[in-house]
Amino acid sequence: MGNDHPHRNYEVLDTFERFSQVDDVFSRSRWDPAVHSDASERFYSTYRRPLTDWRAAPGFTQHDYALRNASWHVTDIFAEMFEHADRRDGFLDPLSMLRDGASERIGFESPEAAAADVKHVAQVVGADLVGIAPYDERWVYTERFSVQDGGAKPNDLPDGLTSVIVIGQSMDHDLTRTAPSALAGTATGLGYSLDSVVLLTIAQYLRNLGYEAVPSMNDTALAIPYALEAGLGEYARNGLLITPEFGPRLRLGKIFTDLPLARDHPTSFGVERFCEGCRRCTEACPAKAIPDGAPSDERYNRSNLVGVRKWSVDGEKCFNYWAKVNTDCSVCIRVCPYNRDYRDPANREWLELASADPEAALARADDEGHGERLLPRSWWP
Ligand code: SF4
Ligand code: SF4
């Protein structure tokens with residue numbers, strides 16, 4: 001990674017170490033007593049079987065779980081298809097439902113022409129955002145997590161990969177406004193299900209052109225560093241990517257390839273400065289998992305990266321809250337002032353103000369009552 005663009009909102013230190021997926025908080029919820037519990041087991045089981053005897057609270061009823069679980073259905077099919085072979089496609093292993101590609105390669109006039117072709121195709125097949133980053137081994141997991149062993153297994157990738165196509169799927173705005181709720185988890189599940197289809201389609205297209213293509217969601221590598229290099233958005237205090245198109249409402253996917261592609265560059269539109277003065281996510285996080293200070297390389301536990309100075313979330317606290325409430329939580333997305341529907345011109349105007357005058361933009365967000373929870377029963381017709 002070059003140093004030509006200074007605005008990455010994180011700094012890789014000399015002490016940096018690559019991350020193992022065994023230390024990811026979701027992997028740890030399978031093997032580490034600090035995260036694994038009866039509550040975490042029940043949390044996972046609710047994705048298969050709605051809780052009918054737990055709470056009658058709006059947003060957590062069988063009706064809400066019925067939709068949330070349906071939204072995960074497509075991505076779950078891919079994840080569960082090869083569990084007998086110790087694979088969870090899209091979460092621990094790359095998506096693998098692909099045919100062999102062509103034996104002869106189609107050439108492009110230039111890397112720029114190839115990038116334009118791939119981006120056009122990505123958008124047509126359903127990607128909301130697409131950018132291209134150089135392949136950088138630092139962000140590739142040193143090993144994958146094996147559910148069968150409860151330990152590590154090799155993170156094999158083909159030789160010769162040069163680029164990473166980063167895909168963003170937006171999450172529904174109104175569903176997210178109901179967080180925390182099982183209903184809000186529908187936005188997460190839909191993001192993954194759509195991501196699965198888009199990633200597989202683009203990867204198969206590249207293979208049909210004669211190139212290597214490995215479609216990946218949460219498996220294989222950290223997504224956010226590639227998304228930043230691909231210019232999709234800026235890194236924020238809540239540990240998420242913030243984009244000008246969807247704010248923090250995005251699921252990320254990536255395709256590793258050897259097709260020569262022109263790369264995008266990191267972007268900056270004022271998020272770092274805004275986050276320095278804003279604590280809405282820190283204040284609202286029910287688990288107190290989001291820092292209120294400056295970026296640092298402090299590790300709360302083994303799920304944090306070693307040797308990267310940045311805002312970091314305490315994944316143990318975050319996941320343990322999810323387990324307690326039996327669904328994933330998007331409160332730090334809901335309350336973020338960037339979480340807006342940017343089809344509305346007034347919100348695009350707010351985005352410009354956030355970049356020019358963060359204090360005024362924060363005050364306007366407060367005046368609007370921005371971030372208030374939409375009652376889940378109001379979401380349903
Ligand atoms: S998802 Fe919820 S618990 Fe986790 S950091 Fe965000 S607000 Fe906190
Ligand atoms: S809520 Fe505020 S501090 Fe947190 S990520 Fe959003 S803009 Fe940054």
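The space taken by ligand 2 is the largest cavity in this predicted model. A cavity is a set of points on a 1 Å grid over the protein atoms alone where a 1.4 Å probe fits but cannot get out, and a molecule sits in one if more than half of its atoms lie within 2 Å of its grid points. Residues are numbered from 1 along each chain as its sequence is written, while chains are lettered from A and ligands numbered from 1 in the order in which they are written. As the model is predicted, local features need a pLDDT of at least 70 and side-chain atom pairs count only at pLDDT 80 or more, with totals for chains, interfaces and linings using all residues; side-chain values use heavy atoms, leaving out hydrogens and water.

Confidence comes next. The chain averages a pLDDT (the predictor's confidence in each residue, from 0 to 100) of 95, and 97% of the residues score at least 70. Over residues 1-5, however, the pLDDT is below 50, and this stretch has 10 contacts in the model beyond near neighbours in sequence. Contact here means heavy atoms within 4.5 Å.

Around ligand 2 stand Ala236, Arg237, Asn238, Phe274, Cys275, Cys278, Arg280, Cys281, Cys336, Pro337 and Tyr338. A residue is near a molecule if one of its heavy atoms lies within 4 Å of it. At least two residues of this shell come from each of α9 (271-277) and α10 (280-284). Helices (H or I, at least four residues) and strands (E, at least two) are DSSP runs, numbered from the N terminus. Sorted by class, the shell of ligand 2 holds 8 nonpolar, 1 polar and 2 charged residues. In this sorting Ala, Val, Leu, Ile, Met, Phe, Trp, Tyr, Cys and Pro count as nonpolar, Asp, Glu, Lys and Arg as charged, and the others, Gly among them, as polar.

Some backbone details are worth a look along the way. Alanine 179 and proline 180 are joined by a cis peptide bond, with omega about 0 degrees. Proline 180 lies in the loop between α6 (173-176) and α7 (185-208). Aspartate 86, although not a glycine, has a positive phi of about 60 degrees, and is found in the loop between α4 (73-81) and α5 (111-124). With a relative accessibility of 15%, aspartate 86 counts as buried; buried means under 20% relative accessible area, exposed over 50%, and partly exposed in between (1.4 Å probe, protein chains only). Lysine 288 also has a positive phi, near 55 degrees, in a residue other than glycine. Lysine 288 is placed in the loop between α10 and β10 (306-309) and counts as exposed, at 56% relative accessibility.

The loop between α10 and β10 also contains asparagine 304, which is buried, with a relative accessible area of 6%. Leaving aside neighbours within four places in sequence, asparagine 304 is in contact with Phe19, Arg299, Ser312 and Val313. Asparagine 304 and valine 25 are 279 residues apart along the chain, yet their C-alpha atoms are separated by 9.2 Å.

Other residues show how parts of the chain meet. Isoleucine 224, in helix α8 (residues 224-229), is partly exposed at 22% relative accessibility. Not counting residues up to four places away in sequence, isoleucine 224 touches Tyr235, Gly239, Leu240, Leu241 and Leu252. From isoleucine 224 to leucine 240, 16 residues apart along the chain, the C-alpha separation is 7.7 Å. Proline 50 is found in the loop between α2 (38-45) and α3 (62-71), and at 22% relative accessibility proline 50 counts as partly exposed. Beyond residues up to four places away in sequence, proline 50 touches Gln62, Tyr65 and Asn69.

Glutamate 11 belongs to strand β1 (residues 11-17) and is partly exposed, with 38% relative accessibility. Apart from neighbours within four places in sequence, glutamate 11 is in contact with Gly307, Val308 and Arg309. Between glutamate 11 and asparagine 69, 58 residues apart in sequence, the distance in space is 38 Å, C-alpha to C-alpha.

Note on methods. 1 Å grid on protein atoms, 1.4 Å probe; cavity = no way out; pocket = protein on both sides within 12 Å on 5 of 7 lines; lining within 4 Å.
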